[in-house]
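Let's take a friendly walk through a protein model together. Have the sequence and the 3D view ready as you read.

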Amino acid sequence: MTTTLKSKLHDDLNAAIKGRDELRSSTLRLTLTAITKEEVAGEEKRELSDDEVLKVIAREAKKRREAAEAFAQGGRAEQAEREKAEGEVLAGYLPKQLSDDELDTIVAHAVEEAKAAGAEGPRAMGAVMKIVNPKVAGLAEGGRVAAAVKRRLQG
């Protein structure tokens with residue numbers, strides 16, 4: 001039995017190939033390869049759950065963002081655009097990311113919670129992150145979350 005998300009990726013790949021959408025088909029092909037790699041990585045081959053597939057997609061999307069930044073800094077605009085476009089294809093499969101306001105609200109509550117437990121100031125970073133991370137898993141990138149927590153703790 002395949003996961004629904006993985007079969008959706010397969011269906012979308014076939015549609016992209018039929019539609020001669022090179023960007024989409026190569027992005028989905030690479031992502032499905034990463035999923036397969038993950039499935040055979042352990043002791044025995046297994047099917048990934050939709051949540052695990054989402055983690056692989058998020059990891060692949062993050063790689064594209066980082067590569068796009070690196071290419072842009074290296075003055076290779078064409079490759080940067082390509083990586084960015086691939087990242088956008090993958091973003092379509094991920095849950096909608098939290099807005100800055102939504103993230104700040106969650107962080108503010110976590111800071112209050114950590115304060116109530118006796119953790120304050122810049123040293124509370126770890127305690128606050130422990131509270132925030134499960135709440136924003138998959139909805140905001142780690143770096144963004146850490147920056148929001150830092151801002152709030154310094155304020």
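What follows covers the model's confidence, fold, overall dimensions, surface and charges.

Please keep in mind that this is a predicted model. The mean pLDDT of the protein is 89, and 97% of the residues reach at least 70. Two helices mark the ends of the confidence range, as the table shows.

| Helix | Residues | Mean pLDDT | Place in the range |

Now to the fold. Along the principal axes, the C-alpha atoms fill a box of roughly 55 × 45 × 25 Å.

How do the contacts span the chain? Counting contacts between residues at least 6 apart in sequence, 63% join residues at least 24 apart.

Turning to burial and surface, 34% of the 155 residues are buried. The accessible surface amounts to about 9800 Å², and carbon and sulfur atoms account for 53% of that area.

Finally, the charges: the protein carries 27 positive and 28 negative side chains. Where do the two sets sit relative to each other? Their centres lie 2 Å apart.

Methods: Residues numbered from 1 in each chain as written. Predicted model: local features only at pLDDT ≥ 70, side-chain atom pairs only at ≥ 80, totals over all residues. Heavy atoms only, no water. Buried < 20%, exposed > 50% of the residue type's maximum accessible area, 1.4 Å probe, protein only. Contact = heavy atoms within 4.5 Å. Areas by Shrake-Rupley, 256 points an atom, 1.4 Å probe, with all protein chains shown as cover. Lys, Arg positive; Asp, Glu negative; His and termini not counted. Charge placed at Lys NZ, Arg CZ, Asp CG, Glu CD. pLDDT = per-residue confidence, 0-100. Helix = DSSP H or I, 4+ residues; strand = E, 2+ residues; numbered from the N terminus.
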